[in-house]
Amino acid sequence: MADLVITNIGQIVSGNLASPLIAGDTVVVRDGRIAAVGIAQNVDQTGIEHVIDAAGCQLWPGLIDSHSHPVFGDWTPRQQVQNFIESGLHGGVTRIISAGEPHLPGRPKDAAGTKALAILATKSWSQVRPGGVKVLGGAVLLEHGLTEADFREMAREGVRIVGEIGISGVYKPEDARPMVEWAHGCGMIVLMHVGGASIPGSSVIGAREALAIGPDVASHVNGGPTAAPFKDIERLVAESQMMIEVVQAGNTARAAAVAQLLVREHALQRMIIGTDTPSGTGVIPLGVLRTMAWIASLGGVAPELTVAMASGTTAQLYSLPEGRVEVGNAADLLLVDAPKGSEATNALSALAIGDTPSVLVVVVDGVVRVAGSRNTPGGTRTVQVPWVTAGGH
Ligand SMILES: [Zn+2]
(Lines give C-alpha, C1' and ligand atoms only; values in the text may rest on other atoms or scores of the structure.)
Protein backbone atom coordinates (compact mmCIF):
# COMPACT_ATOMS: atom_id res chain seq x y z
CA MET A 1 0.00 0.00 0.00
CA ALA A 2 1.74 3.14 -1.17
CA ASP A 3 0.21 5.63 1.23
CA LEU A 4 2.20 8.67 2.24
CA VAL A 5 1.81 12.15 3.70
CA ILE A 6 4.32 14.87 2.86
CA THR A 7 3.83 17.88 5.07
CA ASN A 8 5.58 21.14 5.99
CA ILE A 9 6.28 21.78 2.30
CA GLY A 10 7.71 25.24 1.60
CA GLN A 11 6.17 25.59 -1.86
CA ILE A 12 4.22 23.19 -4.04
CA VAL A 13 5.08 23.53 -7.74
CA SER A 14 2.32 22.08 -9.88
CA GLY A 15 3.93 21.13 -13.19
CA ASN A 16 1.08 22.97 -14.88
CA LEU A 17 2.33 25.88 -16.97
CA ALA A 18 -0.99 27.72 -16.70
CA SER A 19 -0.96 27.75 -12.87
CA PRO A 20 2.52 26.74 -11.79
CA LEU A 21 2.29 27.30 -8.03
CA ILE A 22 -0.19 25.72 -5.62
CA ALA A 23 -1.12 27.10 -2.20
CA GLY A 24 -0.67 24.56 0.56
CA ASP A 25 1.93 22.68 2.56
CA THR A 26 0.73 19.08 2.42
CA VAL A 27 0.27 16.34 -0.18
CA VAL A 28 -1.53 13.11 0.69
CA VAL A 29 -0.93 9.94 -1.32
CA ARG A 30 -3.19 6.89 -1.22
CA ASP A 31 -2.62 3.75 -3.29
CA GLY A 32 0.17 5.45 -5.20
CA ARG A 33 -1.98 8.33 -6.36
CA ILE A 34 -2.31 11.90 -5.17
CA ALA A 35 -5.38 11.97 -2.91
CA ALA A 36 -5.25 15.54 -1.58
CA VAL A 37 -3.23 18.75 -1.92
CA GLY A 38 -3.63 21.65 0.49
CA ILE A 39 -3.12 22.98 4.00
CA ALA A 40 -2.32 20.30 6.59
CA GLN A 41 -5.35 20.90 8.78
CA ASN A 42 -7.72 20.84 5.79
CA VAL A 43 -6.71 17.52 4.22
CA ASP A 44 -7.63 14.02 5.36
CA GLN A 45 -4.52 12.20 6.58
CA THR A 46 -6.27 9.52 8.60
CA GLY A 47 -4.81 6.05 8.67
CA ILE A 48 -1.51 6.91 6.99
CA GLU A 49 1.55 5.69 8.83
CA HIS A 50 4.33 7.11 6.67
CA VAL A 51 4.77 10.87 7.08
CA ILE A 52 7.63 12.94 5.67
CA ASP A 53 8.35 16.33 7.22
CA ALA A 54 9.59 18.31 4.21
CA ALA A 55 11.24 20.87 6.52
CA GLY A 56 10.26 23.71 4.20
CA CYS A 57 11.64 22.13 1.02
CA GLN A 58 9.78 22.52 -2.25
CA LEU A 59 7.67 19.74 -3.73
CA TRP A 60 7.78 19.31 -7.50
CA PRO A 61 6.33 16.66 -9.77
CA GLY A 62 8.84 14.00 -10.82
CA LEU A 63 10.73 15.17 -13.90
CA ILE A 64 10.16 13.70 -17.35
CA ASP A 65 13.09 13.54 -19.76
CA SER A 66 11.39 14.12 -23.11
CA HIS A 67 14.35 12.83 -25.11
CA SER A 68 16.30 9.75 -24.14
CA HIS A 69 17.87 6.92 -26.10
CA PRO A 70 17.49 3.74 -24.04
CA VAL A 71 17.92 0.33 -25.65
CA PHE A 72 17.09 -2.63 -23.40
CA GLY A 73 17.47 -2.69 -19.65
CA ASP A 74 19.53 -0.13 -17.77
CA TRP A 75 22.52 -0.23 -20.10
CA THR A 76 23.58 2.01 -22.96
CA PRO A 77 25.75 0.51 -25.68
CA ARG A 78 26.51 4.08 -26.86
CA GLN A 79 28.79 4.75 -23.89
CA GLN A 80 29.04 1.25 -22.41
CA VAL A 81 27.47 2.55 -19.22
CA GLN A 82 25.23 0.63 -16.86
CA ASN A 83 22.54 2.02 -14.58
CA PHE A 84 22.24 5.37 -16.34
CA ILE A 85 18.47 5.40 -15.89
CA GLU A 86 18.67 4.68 -12.18
CA SER A 87 21.37 7.35 -11.93
CA GLY A 88 19.00 9.85 -13.54
CA LEU A 89 16.45 9.05 -10.85
CA HIS A 90 18.92 10.68 -8.46
CA GLY A 91 18.60 13.77 -10.66
CA GLY A 92 14.84 13.79 -10.14
CA VAL A 93 13.84 12.01 -13.37
CA THR A 94 10.96 9.59 -12.78
CA ARG A 95 10.10 9.03 -16.46
CA ILE A 96 12.07 8.97 -19.68
CA ILE A 97 10.64 9.09 -23.19
CA SER A 98 12.49 7.17 -25.88
CA ALA A 99 13.21 9.16 -29.02
CA GLY A 100 14.27 5.91 -30.66
CA GLU A 101 16.54 2.98 -29.93
CA PRO A 102 19.19 3.62 -32.61
CA HIS A 103 22.03 2.45 -30.39
CA LEU A 104 21.05 -1.22 -30.45
CA PRO A 105 24.08 -3.11 -31.77
CA GLY A 106 23.15 -4.36 -35.23
CA ARG A 107 19.92 -2.38 -35.31
CA PRO A 108 17.86 -3.79 -38.20
CA LYS A 109 17.35 -1.28 -41.01
CA ASP A 110 14.64 -3.14 -42.91
CA ALA A 111 10.90 -2.75 -42.44
CA ALA A 112 10.30 -6.08 -40.70
CA GLY A 113 13.25 -5.58 -38.38
CA THR A 114 12.50 -2.01 -37.36
CA LYS A 115 8.87 -2.92 -36.70
CA ALA A 116 9.88 -5.93 -34.64
CA LEU A 117 12.34 -3.84 -32.63
CA ALA A 118 9.73 -1.19 -31.86
CA ILE A 119 7.23 -3.79 -30.67
CA LEU A 120 9.83 -5.68 -28.65
CA ALA A 121 11.16 -2.50 -27.01
CA THR A 122 7.63 -1.31 -26.22
CA LYS A 123 6.78 -4.59 -24.52
CA SER A 124 10.11 -4.88 -22.74
CA TRP A 125 9.90 -1.36 -21.31
CA SER A 126 6.34 -1.90 -20.18
CA GLN A 127 7.76 -4.55 -17.81
CA VAL A 128 11.00 -2.91 -16.64
CA ARG A 129 11.46 0.09 -14.36
CA PRO A 130 15.11 0.65 -13.46
CA GLY A 131 15.17 1.99 -9.92
CA GLY A 132 11.46 2.70 -10.32
CA VAL A 133 11.86 4.97 -13.36
CA LYS A 134 9.06 4.63 -15.90
CA VAL A 135 10.24 4.31 -19.49
CA LEU A 136 8.04 5.02 -22.48
CA GLY A 137 10.16 3.00 -24.88
CA GLY A 138 9.74 1.45 -28.29
CA ALA A 139 9.90 4.37 -30.72
CA VAL A 140 9.83 3.06 -34.27
CA LEU A 141 12.56 4.38 -36.56
CA LEU A 142 11.29 4.81 -40.10
CA GLU A 143 12.75 2.51 -42.74
CA HIS A 144 11.79 1.95 -46.36
CA GLY A 145 9.06 -0.62 -46.90
CA LEU A 146 6.92 0.11 -43.83
CA THR A 147 3.24 0.04 -44.79
CA GLU A 148 0.07 1.47 -43.32
CA ALA A 149 -0.77 -2.04 -42.11
CA ASP A 150 2.57 -2.12 -40.27
CA PHE A 151 1.67 1.06 -38.41
CA ARG A 152 -1.72 -0.36 -37.47
CA GLU A 153 -0.08 -3.53 -36.22
CA MET A 154 2.49 -1.59 -34.19
CA ALA A 155 -0.21 0.61 -32.65
CA ARG A 156 -2.22 -2.49 -31.75
CA GLU A 157 0.85 -3.90 -30.01
CA GLY A 158 1.34 -0.71 -28.00
CA VAL A 159 3.87 1.33 -30.00
CA ARG A 160 3.06 5.01 -29.42
CA ILE A 161 6.03 6.94 -30.77
CA VAL A 162 7.79 7.46 -34.08
CA GLY A 163 11.41 8.01 -33.09
CA GLU A 164 13.39 10.92 -34.44
CA ILE A 165 12.96 11.15 -38.19
CA GLY A 166 16.36 11.97 -39.64
CA ILE A 167 18.44 9.34 -37.88
CA SER A 168 17.19 6.39 -39.94
CA GLY A 169 16.63 5.46 -43.58
CA VAL A 170 13.45 7.43 -44.30
CA TYR A 171 13.89 11.18 -43.92
CA LYS A 172 13.08 12.82 -47.26
CA PRO A 173 9.69 14.54 -47.13
CA GLU A 174 8.29 12.52 -50.03
CA ASP A 175 9.14 9.25 -48.25
CA ALA A 176 8.42 10.28 -44.67
CA ARG A 177 5.21 12.25 -45.09
CA PRO A 178 2.94 9.27 -45.91
CA MET A 179 4.36 7.29 -42.98
CA VAL A 180 3.76 10.24 -40.65
CA GLU A 181 0.16 10.36 -41.81
CA TRP A 182 -0.24 6.63 -41.14
CA ALA A 183 1.34 7.07 -37.71
CA HIS A 184 -0.93 9.99 -36.89
CA GLY A 185 -3.89 7.93 -38.05
CA CYS A 186 -2.92 5.42 -35.34
CA GLY A 187 -2.55 8.11 -32.67
CA MET A 188 1.24 8.00 -32.54
CA ILE A 189 3.40 10.97 -31.54
CA VAL A 190 6.01 11.76 -34.20
CA LEU A 191 9.43 13.16 -33.34
CA MET A 192 11.83 14.75 -35.76
CA HIS A 193 15.52 15.40 -35.42
CA VAL A 194 16.06 19.09 -36.18
CA GLY A 195 19.47 20.65 -36.67
CA GLY A 196 22.88 19.37 -37.62
CA ALA A 197 23.77 15.73 -38.02
CA SER A 198 23.88 13.80 -34.73
CA ILE A 199 26.52 11.28 -35.71
CA PRO A 200 28.35 10.41 -38.93
CA GLY A 201 25.73 9.13 -41.37
CA SER A 202 22.73 11.02 -40.01
CA SER A 203 21.09 13.94 -41.74
CA VAL A 204 21.00 17.72 -41.45
CA ILE A 205 17.37 18.77 -41.12
CA GLY A 206 16.00 22.30 -41.18
CA ALA A 207 12.63 24.01 -41.08
CA ARG A 208 11.86 23.25 -44.72
CA GLU A 209 12.05 19.49 -44.21
CA ALA A 210 10.30 19.56 -40.83
CA LEU A 211 7.43 21.69 -42.12
CA ALA A 212 7.02 19.38 -45.11
CA ILE A 213 6.97 16.24 -42.96
CA GLY A 214 4.80 17.55 -40.12
CA PRO A 215 6.01 15.90 -36.89
CA ASP A 216 4.50 16.68 -33.47
CA VAL A 217 7.85 17.52 -31.90
CA ALA A 218 10.76 19.48 -33.32
CA SER A 219 13.35 17.58 -31.33
CA HIS A 220 16.39 19.26 -29.77
CA VAL A 221 16.23 22.49 -31.79
CA ASN A 222 19.24 23.73 -29.78
CA GLY A 223 21.25 20.85 -31.11
CA GLY A 224 21.63 17.19 -30.95
CA PRO A 225 24.39 18.32 -30.64
CA THR A 226 24.54 21.06 -33.33
CA ALA A 227 21.85 23.75 -33.18
CA ALA A 228 19.52 24.43 -36.07
CA PRO A 229 19.96 27.87 -37.68
CA PHE A 230 17.98 30.36 -35.64
CA LYS A 231 15.88 31.46 -38.62
CA ASP A 232 14.76 27.83 -39.02
CA ILE A 233 13.63 27.71 -35.40
CA GLU A 234 11.76 30.99 -35.88
CA ARG A 235 9.97 29.46 -38.87
CA LEU A 236 8.99 26.35 -36.92
CA VAL A 237 7.56 28.50 -34.13
CA ALA A 238 5.71 30.83 -36.50
CA GLU A 239 4.51 28.39 -39.15
CA SER A 240 3.62 25.27 -37.16
CA GLN A 241 2.17 24.10 -33.88
CA MET A 242 5.03 21.67 -33.22
CA MET A 243 6.32 21.24 -29.70
CA ILE A 244 9.75 22.82 -29.44
CA GLU A 245 12.26 20.72 -27.53
CA VAL A 246 15.45 21.95 -25.88
CA VAL A 247 18.00 19.47 -24.56
CA GLN A 248 21.08 19.24 -22.40
CA ALA A 249 23.29 17.61 -25.05
CA GLY A 250 23.10 20.68 -27.26
CA ASN A 251 24.05 24.32 -27.61
CA THR A 252 23.63 26.33 -24.38
CA ALA A 253 23.42 29.75 -26.04
CA ARG A 254 20.81 28.51 -28.49
CA ALA A 255 18.76 26.95 -25.68
CA ALA A 256 18.57 30.38 -24.05
CA ALA A 257 17.75 32.09 -27.35
CA VAL A 258 14.93 29.61 -28.05
CA ALA A 259 13.47 30.25 -24.60
CA GLN A 260 13.60 34.00 -25.22
CA LEU A 261 11.93 33.51 -28.61
CA LEU A 262 9.10 31.49 -27.08
CA VAL A 263 8.63 34.15 -24.38
CA ARG A 264 8.32 36.81 -27.10
CA GLU A 265 5.90 34.67 -29.11
CA HIS A 266 3.79 33.76 -26.04
CA ALA A 267 4.44 30.13 -26.89
CA LEU A 268 6.03 28.73 -23.73
CA GLN A 269 3.29 26.09 -23.63
CA ARG A 270 5.03 24.49 -26.62
CA MET A 271 8.38 24.05 -24.91
CA ILE A 272 9.58 20.72 -23.51
CA ILE A 273 12.89 19.80 -21.90
CA GLY A 274 14.96 16.67 -22.41
CA THR A 275 18.54 15.50 -22.35
CA ASP A 276 19.20 13.69 -25.68
CA THR A 277 21.31 11.27 -23.69
CA PRO A 278 22.79 8.70 -23.77
CA SER A 279 24.50 10.07 -26.86
CA GLY A 280 27.92 11.10 -28.05
CA THR A 281 27.80 13.81 -25.40
CA GLY A 282 27.59 11.17 -22.71
CA VAL A 283 25.31 10.20 -19.88
CA ILE A 284 24.17 13.17 -17.77
CA PRO A 285 22.17 12.21 -14.67
CA LEU A 286 21.46 15.85 -13.81
CA GLY A 287 20.76 16.78 -17.44
CA VAL A 288 17.11 17.76 -17.03
CA LEU A 289 17.80 19.88 -13.95
CA ARG A 290 20.74 21.56 -15.66
CA THR A 291 18.69 22.38 -18.75
CA MET A 292 15.97 23.86 -16.55
CA ALA A 293 18.66 26.03 -14.93
CA TRP A 294 19.80 27.23 -18.38
CA ILE A 295 16.26 28.14 -19.39
CA ALA A 296 15.55 29.93 -16.12
CA SER A 297 18.88 31.72 -15.65
CA LEU A 298 19.72 32.55 -19.28
CA GLY A 299 16.39 32.32 -21.06
CA GLY A 300 14.40 34.72 -18.91
CA VAL A 301 11.76 32.13 -18.01
CA ALA A 302 10.26 31.96 -14.52
CA PRO A 303 11.78 28.87 -12.87
CA GLU A 304 8.41 27.37 -11.95
CA LEU A 305 7.57 27.30 -15.67
CA THR A 306 10.69 25.27 -16.41
CA VAL A 307 9.36 22.66 -13.97
CA ALA A 308 6.23 22.36 -16.11
CA MET A 309 8.34 22.09 -19.28
CA ALA A 310 10.07 19.10 -17.70
CA SER A 311 6.94 17.44 -16.34
CA GLY A 312 3.32 18.37 -17.00
CA THR A 313 3.70 19.65 -20.55
CA THR A 314 5.41 16.45 -21.69
CA ALA A 315 2.96 14.29 -19.72
CA GLN A 316 0.10 15.99 -21.53
CA LEU A 317 1.72 15.43 -24.93
CA TYR A 318 2.00 11.69 -24.25
CA SER A 319 -1.25 11.39 -22.22
CA LEU A 320 0.66 10.15 -19.16
CA PRO A 321 -1.15 9.89 -15.80
CA GLU A 322 1.52 11.94 -14.00
CA GLY A 323 3.57 15.10 -14.36
CA ARG A 324 1.26 17.39 -12.42
CA VAL A 325 0.58 17.65 -8.72
CA GLU A 326 -3.15 17.02 -9.07
CA VAL A 327 -5.57 14.77 -7.26
CA GLY A 328 -5.85 11.46 -9.11
CA ASN A 329 -2.45 11.64 -10.79
CA ALA A 330 0.31 9.13 -10.10
CA ALA A 331 2.29 10.26 -7.06
CA ASP A 332 5.64 10.82 -8.79
CA LEU A 333 7.02 13.57 -6.58
CA LEU A 334 10.27 15.25 -5.58
CA LEU A 335 11.42 17.14 -2.54
CA VAL A 336 14.04 19.62 -3.70
CA ASP A 337 16.01 22.47 -2.22
CA ALA A 338 18.78 24.96 -2.91
CA PRO A 339 22.06 23.07 -2.78
CA LYS A 340 24.20 23.60 0.27
CA GLY A 341 26.39 26.68 -0.24
CA SER A 342 24.20 28.20 -2.95
CA GLU A 343 23.32 31.88 -2.88
CA ALA A 344 19.75 30.72 -3.44
CA THR A 345 17.34 29.94 -0.62
CA ASN A 346 15.17 27.34 -2.35
CA ALA A 347 15.11 25.10 -5.40
CA LEU A 348 13.33 27.53 -7.73
CA SER A 349 15.62 30.42 -6.83
CA ALA A 350 18.57 28.08 -7.41
CA LEU A 351 17.35 27.52 -10.98
CA ALA A 352 16.90 31.26 -11.41
CA ILE A 353 20.60 31.89 -10.73
CA GLY A 354 21.75 28.85 -12.71
CA ASP A 355 22.51 26.51 -9.82
CA THR A 356 21.40 22.89 -10.00
CA PRO A 357 18.92 22.18 -7.20
CA SER A 358 19.46 19.50 -4.62
CA VAL A 359 17.26 16.41 -4.84
CA LEU A 360 16.41 15.21 -1.34
CA VAL A 361 13.58 12.74 -1.89
CA VAL A 362 12.20 11.00 -4.98
CA VAL A 363 8.82 9.28 -4.81
CA VAL A 364 7.44 7.07 -7.59
CA ASP A 365 3.83 5.90 -7.36
CA GLY A 366 3.87 6.88 -3.70
CA VAL A 367 6.97 4.81 -2.88
CA VAL A 368 10.13 6.58 -1.68
CA ARG A 369 12.83 5.53 -4.16
CA VAL A 370 15.55 8.01 -3.18
CA ALA A 371 16.19 9.51 0.23
CA GLY A 372 19.27 11.65 -0.32
CA SER A 373 20.41 11.84 -3.95
CA ARG A 374 23.87 10.43 -4.60
CA ASN A 375 24.26 12.78 -7.57
CA THR A 376 23.31 16.22 -6.23
CA PRO A 377 24.83 17.99 -3.25
CA GLY A 378 22.77 18.00 -0.08
CA GLY A 379 20.24 20.74 0.45
CA THR A 380 20.25 23.69 2.79
CA ARG A 381 17.48 21.83 4.64
CA THR A 382 17.49 18.24 5.85
CA VAL A 383 14.68 15.77 5.27
CA GLN A 384 14.49 12.50 7.16
CA VAL A 385 12.79 9.43 5.75
CA PRO A 386 13.37 7.08 8.68
CA TRP A 387 11.96 3.96 7.01
CA VAL A 388 14.32 4.27 4.03
CA THR A 389 18.09 3.86 4.21
CA ALA A 390 19.76 7.03 2.98
CA GLY A 391 21.61 6.85 -0.35
CA GLY A 392 24.40 9.10 0.88
CA HIS A 393 26.65 11.21 -1.27
ZN1 LIG B 1 18.56 13.72 -32.81
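# Working chat on one structure

Biologist: Let's start with Asn16: buried or exposed?
Modeller: Asn16 counts as buried, because its relative accessibility is 15% and the cut-off for buried is under 20%. Keep in mind that this is a predicted model.

Biologist: Where does Asn16 lie?
Modeller: In the loop between β2 (11-13) and β3 (21-22).

Biologist: And which residues is Asn16 in contact with, leaving aside neighbours within four places in sequence?
Modeller: With those neighbours set aside, Asn16 is in contact with Ala308, Arg324 and Glu326. Asn16 and Glu326 are 310 residues apart along the chain, yet 9.3 Å separates their C-alpha atoms.

Biologist: Another Asn, then. Where does Asn329 lie?
Modeller: Asn329 sits in the loop between α10 (312-317) and β19 (333-337).

Biologist: Is that one buried or exposed, Asn329 I mean?
Modeller: Asn329 is buried, since its relative accessible area is 14% and anything under 20% goes in that class. Not counting residues up to four places away in sequence, Asn329 touches Gly32, Arg33, Ile34, Pro321, Glu322 and Arg324.

Biologist: Switching topic to the metal. Which residues are the protein donors of the zinc ion?
Modeller: Glu164 through OE, His193 through ND1 and His220 through NE2. They lie 1.8 to 2.3 Å from the zinc ion.

Biologist: What spacing do the donors follow along the chain?
Modeller: The spacing for the zinc ion is E-x28-H-x26-H. Glu164 is in strand β14 (residues 161-165) and His193 is in strand β15 (residues 189-193), so this pair links distant parts of the chain, 29 residues apart.

Biologist: Are Glu164 and His193 buried or exposed?
Modeller: Glu164 is buried, with a relative accessible area of 2%. His193 is buried too, at 0%.

Biologist: OK, bigger picture. Which domains does the assignment give?
Modeller: The domain assignment gives domain 1 as 4-61 + 322-371, and domain 2 as 63-285. Their centres, taken over C-alpha atoms, are separated by 29 Å.

Biologist: How many residues are in contact between domain 1 and domain 2?
Modeller: On the domain 1 side there are 15 residues, in contact with 14 residues of domain 2. About 1,100 Å² is buried between domain 1 and domain 2, and carbon and sulfur atoms give 63% of that area.

Biologist: How many salt bridges are there between domain 1 and domain 2?
Modeller: Five salt bridges. There are also five residue pairs in polar contact between domain 1 and domain 2, counting pairs with both residues at pLDDT 80 or more.

Biologist: Which elements give two or more residues to the side of domain 1 that touches domain 2?
Modeller: Those are β7 (58-61), β20 (358-364) and β21 (367-371). The largest share of that side, four residues, comes from β20.

Biologist: How accessible are Asp365 and Arg129?
Modeller: Asp365 counts as partly exposed at 24% relative accessibility. Arg129 also counts as partly exposed, at 46%.

Biologist: What about Lys134, which side chains does it meet in a salt bridge?
Modeller: Asp365 meets Lys134 at 2.9 Å, N to O. Glu322 meets Lys134 at 3.7 Å, N to O. Asp332 meets Lys134 at 2.7 Å, N to O. Lys134 is in strand β12 and Asp332 in the loop between α10 and β19, so this last pair ties together parts that are 198 residues apart in sequence.

Biologist: Are Lys134 and Asp332 buried or exposed?
Modeller: Lys134 is buried, and Asp332 is too. Glu322 is also buried.

Biologist: Last one: which residues are linked in the network of salt bridges?
Modeller: Arg95, Arg129, Lys134, Glu322, Asp332 and Asp365 are linked in that network.

Terms used. Residues numbered from 1 in each chain as written. Predicted model: local features only at pLDDT ≥ 70, side-chain atom pairs only at ≥ 80, totals over all residues. Heavy atoms only, no water. Donors = N, O, S within 2.8 Å, 3.2 Å for Na, K, Ca; no water. Buried < 20%, exposed > 50% of the residue type's maximum accessible area, 1.4 Å probe, protein only. Domains from an automatic or database assignment. Contact = heavy atoms within 4.5 Å. Buried area = accessible area lost by both parts, 1.4 Å probe. Salt bridge = Lys/Arg side-chain N within 4 Å of Asp/Glu carboxyl O. Polar contact = N/O pair within 3.5 Å; in protein donor to acceptor, adjacent residues only side chain to side chain.
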